[in-house]
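Subject: Structure handover

Hello,

Please find the structure below. My notes on what was found in it follow.

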Amino acid sequence: MKKLSNQITNEFEQRFGDDYLLIKSPGRVNLIGEHTDYNEGFVLPAAVNKNIVLAMKENGTQQARFYAVDKEESFETDISGDLEESGLGWPDYLLGVIDQLRKHGYEINGFDCVFGGDIPIGAGMSSSAALEGGVLFGLDQLRDLKIGPVEMAKIAQKAENDFVGVQCGIMDQFVSLNGKKGHALKLDCRSLDYEFYPFDQQDVHIVLCDTGVRRELATSEYNVRRQQCEQGVAALQEFDPDINSLRDVDLDFLILHQQDLDPIVFKRCKYVVEENRRVLQACNDLDRDDLASFGQRMFQSHIGLRNEYEVSCKELNTLVDIAWDIKGVIGSRMMGGGFGGCTINLVKDQQLETFVGQITDQYEEALGESVKIYKTKVSGGTHLLNSKDLAST
Ligand code: GLA
């Protein structure tokens, strides 16, 4: 982390000079509650110790000047008028935030920004949300906007929806901005009420296994799933006008109306309704310190994602099947949108190294591919790095 911060500060100083803000913005894991956020349901993610670090400073003009250290690419544009897509991809996350802030009535001046990080891109750990949250947090500080944590998450999500064009829910931006060290965050995606659950990592580690698979399909199929959920809601509203989202549907009611729904739409809805219930039950498990049940719910979540929501893939299923049989594994499932990226695994401390060895070997044996392993720690949300943090991180 110190190395990363140093790299960003050196680069900023060379390009733009002194007196900048330094911000750290984390990626996230999701323990349980997949594809529930855009159905106004519940999720249980946590911010982790993979980050984007940003150095930012106003420059007294109307130019925004960005430099992406990892890509070794720069981008510059006048921000006094309407903003347009950059054509480069990554600058859109920053431009989207400026665009949203303006639409919310905030005045934004030109600024310089250098950033880079160690969140693997496309692995389902929300590097995009970390970048959006980081630049938003920085502008909030630079302009003293006092936007507040919940509103910031909404603005960051809208930046991705409207400017980047990905119809994501609010989970990633919310937890990246508002996570708390050593805690998972239970979020009600309808009211945006949230609650922290201590997540002790002395005995249990959160280990991500990255398939390395990145598929375009992830975005198109994500949007198809959203539409299928909406179709389900529209059909069920005929029988109960109080239903506004799948959050309002209980399993018995859904099953009663199975014949009234398209069979694929029924499967999708069933998964979401059950997953919502699993999140609430998993939170009760944490209250009772019952990690064994918690882990079983993770497996059930995976089975639902694989068979009913159909967003998993061969590589993710192979990893979960292998993990299931390794001693010391409490739970395992695919994580994030699906079609590639990582599985999340809860592994007992004493068996950690055995787990890493076995999953690596067996995956290679099964598919002839190598898997990347990330051991994560639950960390705090987006914050300023002052000189003290710099010395110790
Ligand atoms: C992506 C989206 C999130 C959420 C997950 C699936 O990460 O950005 O909003 O929908 O997929 O749970």
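Strand 8 (residues 204-210) and strand 11 run antiparallel and are joined by five bridges. Helices (H or I, at least four residues) and strands (E, at least two) are DSSP runs, numbered from the N terminus. L208 has Y374 in strand 11 as its bridge partner.

This is a predicted model, in which local features need pLDDT of at least 70 and side-chain atom pairs count only at pLDDT 80 or more, while totals for chains, interfaces and linings use all residues. Residues are numbered from 1 along each chain as its sequence is written, and side-chain values use heavy atoms, with hydrogens and water left out.

The open sheet has four strands in the order 9-10-8-11, with antiparallel pairing (two strands pair if DSSP finds at least two bridges between them). Strand 9 (329-334) and strand 11 (372-376) are at the edges with a single partner strand each, so one side of each has no neighbour in the sheet. From one strand to the next, the twist averages 20°.

Helix 9 (residues 291-307) lies across strand 8, strand 9 and strand 10 (342-348), at about 25° to strand 9. Helix 10 (residues 314-324) also packs on the sheet and touches strand 8, strand 9 and strand 10; its direction makes about 170° with that of strand 9. Axes are lines fitted to C-alpha atoms, for helices over the stretch in contact (heavy atoms within 4.5 Å), and angles run from 0 to 180 degrees between N-to-C directions.

Buried means under 20% relative accessible area, exposed over 50%, partly exposed in between (1.4 Å probe, protein chains only).

F174 is buried at 0% relative accessible area, whereas Y194 is partly exposed at 34%. For Y271 and Y309, the centres are 4.9 Å apart and the planes at 40°, so the pair is tilted.

Regards

Methods. Phe/Tyr/Trp six-rings, centres within 6.5 Å; stacked < 30°, edge-to-face > 60°.
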